[in-house]
Amino acid sequence: PNILTDHHEMGTNSSFFFQPGIPSRTHPLTPALNQQLTAQIGTYHAAALDKIGSFYYTEENFDDFYYGKGSTFPDINGGVGILFEQASSRGHAQNSENGVLTFPFTIRNQFTAGLSTLQAAQVMRTQMLDYQKSFYENARKESAKESGAILFGDHKDAARTNALAEVLLRHKIELYNLKDDVKSQGKTYKKGHAYLIPKNQKNSRLIQAMFEKRTTFTDSLFYDISAWSFPLAFDMDYDENASLANRGSEQRMVDGKILPVNTNPNEVSPFSLIESSNYAYLLPWNEFYAPKAINTILNYGIRAKVAMQPFSMNGKDYDYGTIMIPLQNQGLNKEEIREM
């Protein structure tokens, strides 16, 4: 959207706030024009609230740092996010420094601000469209100078790797798998368990916001937090200066599965075939969904054992917590256990 409003409540003894917030507390990746447009839209809120006699203020509180909030997420996506904070009646009516504050009064202020936003969007239509267009044009020019990629993955936990990949794909970020294994900065990224994000693409600013580790700001006072670096949040190995030389096929989301763009999802089985065993199966514990898997196994009434020490078998190392599912003396036969 060109404009997104985020309606909240604050302390009862306050009045009504609308953005811009404190000018020095804006994320450096947010264009200056974004805040200028926010201030221009604010004149419509002021005029509307003047008509109904409601107190209000702006630019004296709150920040615009963390892109995970409803009022800031649009700012890194070519739109304008606006936070509204209404003094809370916390019920039907409550005493305040400004007299009795009622629930209908608080509703009226929020509704009035919603209507003034619509009026601003209609009058400023061309400005808003031009701003969004220029936002992505400038982002393209900036990213065109970049020839590399961001590489991330964890071959010991495919589920966690794919969870981060899914977030990126849902944000329409171009994502590619690897043609071959890659070693970078002492880390190994394995084909099928890692992804490349080209820096030169439409949503380059959003990518930067997701992956950067910014530690200095002009104004270091925050309402909550300044940022959330996604690879750190996912505890993921990553390289911000990787090469595109090992770029494989582009990926997409289809029915909850991450697949190459040219793959027919109907031809892809959601399960990997497991080689039949006559003795036992081993389930490593490092995968995110391992606890869910053992819970399902136990609910089938199948006995399972756990390794208390690391061990090696057939040239492969197994860590603490590896689960063993024996095939003998179970309630299901060998083929039923394999299918399960």
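What we have here is a predicted model, in which local features need pLDDT of at least 70 and side-chain atom pairs count only at pLDDT 80 or more, while totals for chains, interfaces and linings use all residues. Residues are numbered from 1 along each chain as its sequence is written, and side-chain values use heavy atoms, with hydrogens and water left out.

Let me begin with Arg 205, which sits in helix α5, residues 204–211 (helices are DSSP runs of H or I of at least four residues, strands runs of E of at least two, numbered from the N terminus). Arg 205 is buried, with a relative accessible area of 10%, where buried means under 20%, exposed over 50% and partly exposed in between, for a 1.4 Å probe and protein chains only. If we set aside residues up to four places away in sequence, Arg 205 touches Leu 29, Pro 31, Ile 76, Phe 135, Asn 138, Ala 139 and Glu 142. With the side chain of Glu 142, the side chain of Arg 205 also makes a polar contact at 2.7 Å; that term stands for a pair of N or O atoms within 3.5 Å, of which, within protein, one must be able to donate a hydrogen and the other to accept it, and residues adjacent in sequence count only if both atoms are side-chain atoms.

Gln 94, in strand β4 (residues 93–96), is partly exposed, at a relative accessible area of 27%. Leaving aside neighbours within four places in sequence, Gln 94 has contacts that include Thr 12, Ser 88 and Val 100. A polar atom of the Gln 94 side chain lies 2.9 Å from the backbone oxygen of Ser 89.

Now to helix α7, residues 290–299, and a question: which of its residues are buried? They include Ala 290, Ile 294 and Ile 297. These three lie on the same side of α7, because they cover an arc of only 55° around the axis, the arc being that of the directions from the helix axis to the C-beta atoms. An α-helix has 3.6 residues a turn, so residues three or four places apart point the same way. On the other side of α7, Lys 292 and Asn 299 are exposed. Among the elements that cover the buried residues of α7 are β14 (280–283) and β18 (323–326). After α7 comes Gly 301, with a positive phi near 80°.

Conventions
Contact = heavy atoms within 4.5 Å.
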